[in-house]
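Okay, thanks for coming, everyone. Let me put the thing up on the screen and we'll walk through it together.

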Amino acid sequence: MKTTETPAPVPAESGVPVAKVDVPAGPPRKEREGTTLNVFSHGILVIWAILVVMPLLWAVMTSFKSDSAIFGSPWSLPDKLHFDNWSRAWTEANMSDYFLNTILVVGGSLIGTLVLGSMAAYVLARFDFPGNRFIYFLFIGGMSFPIMLALVPLFYVVNNMGLLNTIHGLILVYIAYSLPFTVFFLTAFFRTLPSSVAEAAFVDGASHSRTFFQIMLPMAKPGLISVGIFNFLGQWNQYMLPTVLNTDPDKRVLTQGLVQLAVSQGYKGDWSGLFAGLVMAMLPVLAAYIVFQRQVVQGLTAGALK
């Protein structure tokens, strides 16, 4: 049995250069830069989350405190949950009436915006006709038109139509206000949908309306949910339009009611009721986003993925 012997290293002779092997001292430079960038970006996101979440938590905590506790120890937890703040804001401050008016206005305008916006976007995205691009750019131009410039003529138009201080008049204005962004968003989304499905439906004898409502509209569900959430947030928090077009105290929406509550309760010193009303107004918006956050992300990324 033969054994293999490892030759001993030969010492380098004087004057003969010896090749050196470079041993990496650490991770590559690009990897180190990527790690630093990730740490920096995550730090910015954490700071931003704290700036957003802390005021919300503080408002919720303050809504369960008494007025003396709010000014005596504003950053401490409530020693007792004062649910009477919520009941007082709901009944005495007429928050229930404001909620009902807001639900009627936002619900009607949201349905009308999605139906009309999806129909217009489908036609602009799928059919070529004279003036197609011109109409599309008109909608885009409506997005850049500041609402402040339209308040005075809009007031006279609504007043001449007999729709001032009415729920259905405010619904129509909200629909007109939200249509440009809805058409712009859904037009880009309908262009990403496969046209072979609609062509197969036409071959089978389906009409244009049936193809749209039964085939293309269900396929656009992620986009509808995304633009619906954005419209819901914008219409729920709308203050300028109802202030100008809805001066009837019995038909005020939630944003008008909160301003009135802030003025009246501020003079009375009922700050706990004011914070309770503020949290009531925030809850529907937070609940809608929490429930549909996955659909919103899917709708925003669907066009990029396809």
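So, the accessible surface of the chain is about 19,200 Å², and 69% of that belongs to carbon and sulfur atoms; the areas come from the Shrake-Rupley method with a 1.4 Å probe, and for residues only the protein chains shown count as cover. Bear in mind that this is a predicted model, where local features need pLDDT of at least 70, side-chain atom pairs count only at pLDDT 80 or more, and totals for chains, interfaces and linings use all residues. Residues are numbered from 1 along each chain as its sequence is written, and side-chain values use heavy atoms, with hydrogens and water left out.

Of the 306 residues in the chain, 34% are buried, meaning under 20% relative accessible area with a 1.4 Å probe, protein chains only. For secondary structure we've got 13 helices and zero strands, with helices being DSSP runs of H or I, at least four residues, and strands being E runs of at least two, numbered from the N terminus.

Now take helix H7, residues 167-192. H7 reaches 36 Å from first C-alpha to last, close to the 38 Å expected, which is 1.5 Å times one less than its number of residues. There's a bend of about 40° at leucine 179, and proline 180 follows within four residues; that's the angle between axes fitted to the seven residues ending there and the seven starting there.

Last stop, threonine 102, over in helix H4. Buried or exposed? Threonine 102 counts as buried because its relative accessibility is 2%. Leaving aside neighbours within four places in sequence, threonine 102 is in contact with Gly107, Trp236, Val253 and Leu254, contact meaning heavy atoms within 4.5 Å.

Key:
Buried < 20%, exposed > 50% of the residue type's maximum accessible area, 1.4 Å probe, protein only.
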